[in-house]
Amino acid sequence: QDMIDRKLEEFLPKMEEISESASKEYSLEKNLDKQFSEWAEAVFEMAPYRDSGTSILAGSCVDEIQAILDDQIVKTQTMLASPYIKPFEARCKDWDNFLQTTQDVLDIWLKVQASWLYLEPIFASDDIKKQMPAEADQFDKVDGVFRSTVAKCLENPKVLVFTRTDNLLEALKDAFDSLELINKGLNAYLEQKRLFFSRFFFLSNDELLEILAETKDPLRVQPHLKKCFEAIASLNFDDNLIIHGMISGEKELVPWPTTLNPADARGAVEKWLLETEAMMRVAVRDQTMKARVAYPEVPREKWALEWPGMTVICIGQMFWTTEVEEHIQDPSGQGVKKYAQKCTDQLDDMVNLVRGDLTKLARASIGSMVVLDVHARDMTVNLAEEGVSSILDFSWLAQLRYYWE
C-alpha cells in the first residue's frame, strides 16, 4: 500500500532489477566466504622420511588439497565471468590468484620432492660424490632449498599462510631446474659406464647405481650377475674378496686358471667386470683343453663327472667326430659298423651311471650327455647302413661336427 501511495509502480522493474542484482551479489559473496572457510583448517601434513632428518608431503593431505583446488578453481573462474562480480572483483581475483599459486606450488613441490627422493640416496654415497663432484655440489644446494622449504612449512603448515611465502614458487622452480640438470648429468654418467662395459645395458638405472654407490664392495655386484651374464649366478670370492671362479644357477663351479682381485681396479667396477668377462672365456677354454687331454686317460663315465657339464658335452662331441672319421677311413670298410657298437656300449655305461647315486647337478649333466649319445649312436648306425666310406660323403658332411683347432 505504501508503494502504491508513493506511486512507485513505474519504478517497479528497476527495483526488481536492483533486487535481483543484490541477491546475486550476496550469493557470490557468500560463495567466496564459504571457499575461504574451507581453507581455514587446511594444512600440509608432513611425514618424517627415514633417517634423512627432514620430512616429505604426506599423500593423504595432497589428495584432499588437490580435490579442493580442482573444485574451487572452476567455481572461481565461473564467478569471475559473472556480470554481478563487480563489487567483489578485486577480492575474487585475489582469491583466484591464491588458488592458482597454490596449485603451482603443489605441482612443483611434488616434482621436486619426487626427484629429491630419487637422488638423495644416490648422492648420500661418497663413491658417487667422488665420481660426480659437480652434480654432487649442485645437489647439496637443492637439498638445502628442499630442507629449508620443509622447515618453513613445519613452522606454519596452514595452506593459506605457507603458499604465500615470499619467493617460494621461484625457489622451487629453480630447484626443479637444477634437479633436471643433475638428472641429465647422472644419465650421461651411467651411459658412459654402459659404453665402457656394455653388459650394464641389461641393468636398470637403479640397479646400476646400487653397484656404483658401493664400488669398494665387489659383493654388491653379485645380485645383478644373472642379468649381466647368461647362466652365471655368482662369482666365487674368498675371504679377501679375490675371485677364484664362477658359479652357475645350478651351483656348478668353474674354476679360473688365475685369480682376479677387484681391488686392483681401484673402484672402477666396470673395469674389473670387463676383466671378469675376459677371464670367463679363458676359464671355459682352459677347462675344455684340460678335459680334452684327460678324456683318453680316464674311463668315460668317470671322466664325465670330473668336468663342467658344457665341457663334457663339447669334448664328447669332438671325440665322436674324430673317432667316426677315423673309422670311416678304415680300409676294411667295417670300421663305422664296429664303432656303432662302441657307441652303444658307451651309451649303456652312461645309462647305468644315471641309474646310480648322483648329485642333482651330476644327474643333469649326465642326462644331457645321454641324449647326445643316443643321437650319436643313431647317426653312426645310419652311416654304417648307408655304407659311408669317405669323410666327404654328404651324409657325413650333413652332421653337426666338432673339431679342435
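The model is predicted: local features require pLDDT of at least 70, side-chain atom pairs count only at pLDDT 80 or more, and totals for chains, interfaces and linings use all residues. Residues are numbered from 1 along each chain as its sequence is written, and side-chain values use heavy atoms, with hydrogens and water left out.

**Strands 3 and 4**

Select strand 3 (232-237) together with strand 4 (residues 243-248). Helices (H or I, at least four residues) and strands (E, at least two) are DSSP runs, numbered from the N terminus. Strand 3 and strand 4 run antiparallel and are joined by five bridges; two strands pair if DSSP finds at least two bridges between them. Ile-232 can be displayed with Ser-248 of strand 4, which stands opposite.

Next, select Leu-241, in the loop between strand 3 and strand 4. In this hairpin, which has five residues between the strands, Leu-241 takes a positive phi near 60 degrees. Most residues other than glycine have a negative phi. Leu-241 counts as partly exposed because its relative accessibility is 27%. In these terms, buried means under 20% relative accessible area, exposed over 50%, and partly exposed in between (1.4 Å probe, protein chains only).

Now colour strand 4 by accessibility. Five of its six residues are buried, so strand 4 is largely enclosed by the rest of the structure.

**Strands 4 and 5**

Move to Lys-251, in the loop between strand 4 and strand 5. The hairpin has four residues between the strands, and Lys-251 takes a positive phi near 70 degrees there. Lys-251 counts as exposed, because its relative accessibility is 65%.

From Glu-250, draw a C-alpha to C-alpha distance to Ala-364: the two are 9.3 Å apart in space and 114 residues apart in sequence. Ala-364 lies in helix 15 (residues 360-386) and is partly exposed, with a relative accessible area of 46%.

**Helices 8 and 9**

Select helix 8 (residues 168-196) and helix 9 (residues 205-212), whose axes come within 11 Å and cross at roughly 80 degrees. Axes are lines fitted to C-alpha atoms, for helices over the stretch in contact, and angles run from 0 to 180 degrees between N-to-C directions. The two helices are therefore roughly perpendicular to each other (angles under 35 degrees count as roughly parallel, over 145 as roughly antiparallel, 65 to 115 as roughly perpendicular and the rest as oblique).

Show the side chains at the contact (heavy atoms within 4.5 Å). Helix 8 contributes Leu-186, Asn-187, Tyr-189, Leu-190, Lys-193 and Arg-194, and helix 9 contributes Asn-205, Leu-208, Leu-209 and Leu-212.

**Cysteines**

Finally, select the cysteine sulfurs. A disulfide is a pair of cysteine sulfur atoms within 2.5 Å, and the count by this rule is zero. Cys-314 is in no disulfide, and the nearest cysteine sulfur, that of Cys-343, is 17 Å away. Cys-314 counts as partly exposed at 26% relative accessibility, whereas Cys-92 is buried, with a relative accessible area of 0%.
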